[in-house]
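Here is a friendly briefing to read alongside the structure on your screen. Take a moment to turn the model around before going through the notes.

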Amino acid sequence: MNIITQMSLFEESEFEFLGDLERLQSVLAELNDEKLIQALYKIRGKGRNDWPCEAMWNSFVASFLFEHPSVQALLRELKRNKQLRKLCGFEPKTVKQPDGSIKIYVAPSASAYTNFLQNLMECQDELDEMFEEMVQYMYEHLEHFGEILMTDGKAIDSFGTKISENKKSGRRGEHDADWCRKQYTCSGKNGESIVKTKKWFGFRLHLIADATYELPVAFEVTKASAGEQTIAKNMVKDMEKEHPEYLEECGYFLGDKGYDGSGLIEMLRKHDIAPIIDIRNCWKDGEETHQYRNTNLIYNYKGEVWYVEEDGTQTALIYKGYDKSTDSLRYGFKPQKDDKRIFRIKCEEDIRIFTPVARGSHKWKRLYKKRTGVERINGRIDRDYKFEKHTVRGLEKMTMFISVTFLVYMGMAKARIQMGKTEHLCKLYA
């Protein structure tokens, strides 16, 4: 990017301790925002041009890097921080007052910044294009990027507490968000299962990310009530249409119980992607085990398999590998049994239970542990990018804020890659 103000960070004594500003300059340099700036000027048209669109955009990026929780906090920082204003591209404005006096403005007003954000929301296509470019860069420059994908949904509260009944409230009211209630099971101190319920009013971020580097690959922001599995299937369909190479690169797809469904699994299997998705007990017959066809094998909903002797004795079998030629899982007895018979169970018996990587295998458990990476991304969004406490209302504005968050996130990663560093790419701070 050539439009940002170029500063020498090491030649002038006043810039001796500019760690944060250097970080900002690195991110701005990696964002290909020329089309975005052109679109912003086109939207502004013949309106007031007191503050350049480049400077406004640069300062908005800075607000994410420097963890400003609101526009007001950013404007206060701009007014007091001359170095930040210079890097963003702001120059003081002198305005003659009605009484003949001169007043100097060093930073935009709150209303000017509000208008800029409104214009930026109209540039979602340009933001999406910038994000896609970043993802393409990661695929081209990071080894094994995209081979293991993970997905999750993240609850994001609206700044509003309910739907605004005043149709004239405009941007000051919430008109898009809705309520959602989600139950999940966790383990207590003694290993017991505890069911917890989370209820929120707002939105949901649906994210697909690379599990190796913990970087986003695709995302969508919806109302809170939108189902995780439904949106995940739509996102995979979008990949099929727009980026089939992403699915060709992917070998494993990780998700929690919320993504357990034959529809999504069928889509993944069609592209030879092994689903590593936790399972729900959907058996409604009350049985603990089912018989596998007309054989001596029985299994439970977790994919555990037993051999039943003539006298009714059940012997647990161990996983012996996946047979791709027959799309079946191989099971056998433990070595101490001294029985070398091999039994095959077709994955088509139940594609949710019998996946190419058997649920009870060490490989399945090792891969599933990587899914915690998407939870760390969600944690960084809350902690580092201040979505735990924000002032955003409306689906369109929330989508724009999430888009810029991920652009900053990816910009930091790209800057590190340019320096030859591929570890801890997702850290906000060096």
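Which residues have the most contacts inside the largest nonpolar core? They are Leu24, Trp57, Phe60, Leu215 and Phe406, in a core of 108 residues. Please keep in mind that this is a predicted model.

**Nonpolar cores**
- As a general background, nonpolar side chains tend to be buried together in soluble globular proteins.
- Setting aside neighbours within four places in sequence, Phe60 is in contact with Leu74, Tyr113, Phe116, Leu117, Leu120, Met400, Phe401 and Val404.

**A serine in helix H13**
- Ser403 sits in helix H13, which covers residues 395-418.
- Is Ser403 buried or exposed? Ser403 counts as buried because its relative accessibility is 3%, and buried means under 20%.
- Not counting residues up to four places away in sequence, Ser403 touches Gln124, Leu127, Asp128 and Phe219.

**The enclosed cavity**
- The count comes to 1 cavity of 30 Å³ or more, and the largest cavity has a volume of about 210 Å³.
- Its lining has 16 residues, and Phe64, His68, Pro69, Ser70 and Phe401 lie nearest the centre of the cavity.
- Helix H3 (53-65) and helix H4 (71-80) each supply at least two residues of this cavity lining, with H3 giving the most, at 3 residues.
- By class, the cavity lining has 9 nonpolar, 5 polar and 2 charged residues.

**The largest pocket**
- How many residues line the largest pocket? There are 31, and Asp152, Lys182, Gln183, Tyr184 and Asp256 lie nearest the centre of the pocket.
- Two or more lining residues come from each of strand E3 (148-157), strand E4 (178-187), strand E5 and helix H12 (372-383).
- E4 gives the most to the pocket lining, with 8 residues.
- The volume of the largest pocket is about 910 Å³.
- The pocket lining divides into 15 charged, 9 nonpolar and 7 polar residues.

**A four-stranded sheet**
- An open sheet is formed by 4 strands in the order E9-E10-E11-E12, with antiparallel pairing.
- Strand E9 (290-291) and strand E12 (314-316) are the edge strands, as each pairs on one side only.
- E9 and strand E10 (residues 297-299) run antiparallel and are joined by 2 bridges.
- Where does His290 find its bridge partner in E10? The partner is Tyr299.
- In general, the strands of a sheet pair through backbone hydrogen bonds.

**Two residues with positive phi**
- Glu214 is a residue other than glycine with a positive phi, near 55°. Glu214 belongs to the loop between strand E5 (193-210) and strand E6 (215-223).
- At 10% relative accessibility, Glu214 counts as buried.
- Arg293 also has a positive phi without being glycine, with a value near 50°. Arg293 lies in the loop between E9 and E10.
- Arg293 is partly exposed, because its relative accessible area is 42%, a value that falls between the limits of 20% and 50%.

Definitions and conventions:
Residues are numbered from 1 along each chain as its sequence is written. This is a predicted model: local features need pLDDT of at least 70, side-chain atom pairs count only at pLDDT 80 or more; totals for chains, interfaces and linings use all residues. Side-chain values use heavy atoms; hydrogens and water are left out. On a 1 Å grid over the protein atoms alone, a cavity is a set of points where a 1.4 Å probe fits but cannot get out, and a pocket is an open set with protein on both sides within 12 Å along at least five of seven lines; lining residues have an atom within 4 Å of a point. Grid points are joined across faces, edges and corners, and a volume is the space filled by probe spheres set on the points. Ala, Val, Leu, Ile, Met, Phe, Trp, Tyr, Cys and Pro count as nonpolar, Asp, Glu, Lys and Arg as charged, and the others, Gly among them, as polar. Buried means under 20% relative accessible area, exposed over 50%, partly exposed in between (1.4 Å probe, protein chains only). Contact means heavy atoms within 4.5 Å. Two strands pair if DSSP finds at least two bridges between them. A nonpolar core is a set of buried Ala, Val, Leu, Ile, Met, Phe, Trp, Tyr and Cys residues joined through side-chain atoms within 4.5 Å.
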